[in-house]
Amino acid sequence: RGSMTRGAVFLDRDGTLMEEVHYCSDPAKVRMFPGVPAALGRLKPAGFQIFIVSNQSGIGRGLITEAQYRAVQSELLRQIGPGLIDGCYFCPDAPGTASTRRKPEPGMVFEAAAEHCLNLASSYFIGDKSADIECGRRAGTKTILVLTGYGSTQQCAPDFTAPDINAAAAWILASLT
């Protein structure tokens, strides 16, 4: 495939891939949702690159350090397993800070698209918050709200609502045929 033709799946982290832990700073508290590696493992052979896109305002608020974020992220990636995640983007900005990267702004998605030659019209954004859905919409991707994390409390209009990442992956793969 030529440049700018690859689709991607963008994933929120907390509440989507792992249990929501308020400003998680301890790798021992990482609890990945069941079936995450299997779901991602079904998307990779379909040609998708997979990226984690996460607001981490706890850094900007002084509640966790960037080193703590990186330790938690490393543990999540270890649990997911090698070869499934193509890149991780995070925004440390606190709410109220002028930011082009803090979701719902699509800056992190645009960075990934530029760095990895992605076709956003062939891409998906999966998350558990309205900010994730809005970020995906602003970036030009299809959007999926998962009902893990805060998903069941959100007021938004995703392209699809799924009980979890497994159902989200199944919907993506079914939409390709």
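Me: How many residues are in the largest nonpolar core here, and which have the most contacts inside it?
Reply: In this predicted model, that core has 29 residues. The ones with the most contacts inside it are Leu11, Leu17, Leu40, Leu43, Ile80, Ile126 and Ile172.

Me: Ok, and which helices and strands each supply at least two residues of this core?
Reply: Helix 1, helix 3 (66-80) and helix 6 do, along with strand 1, strand 2 (49-55), strand 4 and strand 5. There's also a second, separate core of 15 residues, and Tyr89, Cys91, Leu118 and Ala139 are among them.

Me: Back to Leu43. What is Leu43 in contact with, leaving aside neighbours within four places in sequence?
Reply: Val9, Phe48, Ile50, Ala169, Ile172 and Leu173.

Me: Which residues of helix 6 are buried?
Reply: Helix 6 covers residues 165-175, and its buried ones are Ile165, Ala168, Ala169 and Ile172. Looking down the helix axis, they fall within an arc of 100°, so they line one face of helix 6.

Me: What covers them?
Reply: The cover includes helix 1 (36-43), plus strand 1 (8-11), strand 4 (124-127), strand 5 (142-146) and strand 6 (160-162).

Me: And what does Asp164 do at the start of helix 6?
Reply: One of its side-chain oxygens reaches to within 3.1 Å of the backbone nitrogen of Asn166.

Me: New topic: where is Thr141, in the loop between which two elements? And is Thr141 buried or exposed?
Reply: Thr141 sits in the loop between helix 5 (130-139) and strand 5. Its relative accessible area is 8%, which is under the 20% cut-off, so Thr141 is buried. Beyond its neighbours within four places in sequence, Thr141 is in contact with Phe10, Leu120, Ser123, Tyr124, Phe125, Gly136 and Asp159.

Key: Residues are numbered from 1 along each chain as its sequence is written. This is a predicted model: local features need pLDDT of at least 70, side-chain atom pairs count only at pLDDT 80 or more; totals for chains, interfaces and linings use all residues. Side-chain values use heavy atoms; hydrogens and water are left out. Buried means under 20% relative accessible area, exposed over 50%, partly exposed in between (1.4 Å probe, protein chains only). Helices (H or I, at least four residues) and strands (E, at least two) are DSSP runs, numbered from the N terminus. The arc is that of the directions from the helix axis to the C-beta atoms. Contact means heavy atoms within 4.5 Å. A polar contact is a pair of N or O atoms within 3.5 Å; within protein, one must be able to donate a hydrogen and the other to accept it, and residues adjacent in sequence count only if both atoms are side-chain atoms. A nonpolar core is a set of buried Ala, Val, Leu, Ile, Met, Phe, Trp, Tyr and Cys residues joined through side-chain atoms within 4.5 Å.
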